[in-house]
Every structure is written in structure tokens, then in C-alpha cells.
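Here are some notes for a colleague who is coming to this structure without having seen it before. They are set out as numbered points, to be read alongside the sequence and the model.

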Amino acid sequence: MNKATIKEKIDASVEGKLRSLYELQLIDSKVDRLRIIRGELPLEVQDLEDTVAQLETRFENYSKESADLEHQVAEKTQAIKDHKANIKKYEGQLAKVKNNREYDAITKEVEFQNLEIQLCEKRVKEYKALIAQKEEFLLSAEKDLKDKKKDLKAKKAELEEIIEETEKEEQDLIKKSAKKSKETEPRLLNAYTRVRGNMINGLAVVPVERDACGGCFSKIPPQRQLDIKTHKKVIVCEHCGRILVDPDLVASEN
Ligand SMILES: [Zn+2]
């Protein structure tokens, strides 16, 4: 075997190692995506639960306030009846007055009772207007609450279904990832694990996209791009440290 042939063999094996590493990345990225989907749905459910709880509290408050007002309306209505009874009593006394002084005193009482009645009537009108307002709110809130509860129920069911589906899918992918890890060269795998752990999006192996690193989007000089394309050695992004590969290295099924 001459020197050139040996070098070609090494080069070919670098490409193989990179391919296997990139495949591992694609599997792990799928796991990441599943976890993100599962992570967001509970937040949506939580938001809905909060909204429902807030609506329920407002609903209860308004119901209570409305009941209080009804109670006050009843009180004032009773007061009006009492004042009217008083007036009747005074009018009876008027028939039996003996002098002007008594007459003036009773007339004043009747006037006072009439003023009280007017005041009560004014309050009853105000309370009834407030009650009408609250009833209107309660009516729309009741519908709103019903809709939100329905949404919540559907979201929860959706969540359970997704969790079930994704857990199964995730287990399969984790198995695939473990198998692929075993096929990957240990040193490369170590580097991969370390870089992946440092990246918020979990990407350690990225394709070159539009002349830039697919991880941090820094431009890559043409010569370097050529080196990446040939896969004769492991090339990392100078800016983010991710391992760069040609996008066609793995036949795309993703
Ligand atoms: Zn980069």
C-alpha cells in the first residue's frame, strides 16, 4: 500500500465518522424537538387554567355583589312600605287635630316621610341599574367560562395524547441514539457530547447553510467550505466550536 492509498483510506474513514456523528445529531435533535413540544403544551394548559380560575373568581365576586344589591333593594322597598304606613297613620291623626300647632307638626312629619320615600326610590333605581349591569356581565362571563372550560378539557386531552405518543417515539429515538453512539468514534463522541451540552439548542454538528455555519450563522471562507465538503478532516466553526459538515453528508429523510 503506498502513501496515497493509506491517506485515502484515512480520509474515507473521517467521512464515515462524520456521517455517523451527523446521524447521531439528527436523532438527538428529534428527541430535543419532542421535548420542546411536550414542554410547551403544559404551559398552554397552565395559562388556560389560570384564565378559568380568574374568571371564576370574578364570577363569584359579581354574583355576591349582585346578591348584596338585591338585599339592599329589598330593604329599601320595605322602608318605603313603612314610610307609607306612617303617612297613613299621620293622615288619620290629622282628622283629630285640636289646634294649628299640632296640624303643622303632623304635616311636617308627613313631608319628612315623603322625602324619605323619594330617597329610597332613588336608591332602589340606582341599585337596580347596578344589578342589571352585573347580570349582563354574569351572562357573558358564564358563556366565556363555559367556552374556556371546554378549551381546557380539549387541551388536556391533547396533552395526554401527545405525551403518550411522544414518549413512545422518544424511547425509540433514545435507543437509536445509543446504538449510533456506539458506532461513533469515542473521541469524536466526547467532543460532540461536550459541545452539545454547551449549546442551548443542543446542536453540535451543523451543516453549512448559505455559506455560513448552521449553528451561529458566521460566514465561512470559500477555501474552508471546500475542506468541509471533502470531509477529509474534522473542521469546527471558528466562532462557536460546532463541527461543520456538508448538508449532503446524510441522505436527507429529515
Ligand atoms: Zn458557528
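1. In this predicted model, C237 has a relative accessibility of 6%, and because buried means under 20%, the residue counts as buried. C216, by comparison, reaches 27% relative accessibility and therefore counts as partly exposed.

2. Both of these cysteines belong to the zinc site, where the ion is coordinated by the SG atoms of C213, C216, C237 and C240 at 2.2 to 2.3 Å. Along the chain, the donors follow the spacing C-x2-C-x20-C-x2-C. C216 sits in the loop between β2 (212–213) and α4 (222–230), while C237 sits in the loop between β3 (235–236) and β4 (243–245), so this pair ties together parts that are 21 residues apart in sequence.

3. What is the arrangement of the four donor atoms around the zinc ion? The angles that they subtend run from 106 to 113°, and the arrangement is therefore tetrahedral. As a point of reference, the ideal angle for four tetrahedral donors at a metal is 109.5 degrees.

4. Turning to the strands, four of them form an open sheet in the order β2-β1-β4-β3, with mixed pairing. β2 and β3 stand at the edges and have a single partner strand each, so one side of each is left without a neighbour in the sheet.

5. Strand β1, which covers residues 205–209, is mostly covered, with four of its five residues buried. β1 runs parallel to β4, and three bridges join the two strands. Across this pairing, V205 stands opposite I243 in β4, and V206 stands opposite L244 in β4.

6. How do β1 and β2 pair, in the parallel or the antiparallel sense? Their pairing is antiparallel and extends over two bridges. The two strands form a hairpin with two residues between them, and R210 in the turn has a positive phi of about 50°.

7. A reader who wishes to connect the sheet with the metal site may look at C213, which is the bridge partner in β2 of V208 and which also coordinates the zinc ion through its SG atom.

Key
Residues numbered from 1 in each chain as written. Predicted model: local features only at pLDDT ≥ 70, side-chain atom pairs only at ≥ 80, totals over all residues. Heavy atoms only, no water. Donors = N, O, S within 2.8 Å, 3.2 Å for Na, K, Ca; no water. Tetrahedral: all angles 85-135°; square planar, octahedral: opposite > 155°, others 65-115°. Buried < 20%, exposed > 50% of the residue type's maximum accessible area, 1.4 Å probe, protein only. Pairing = 2+ DSSP bridges.
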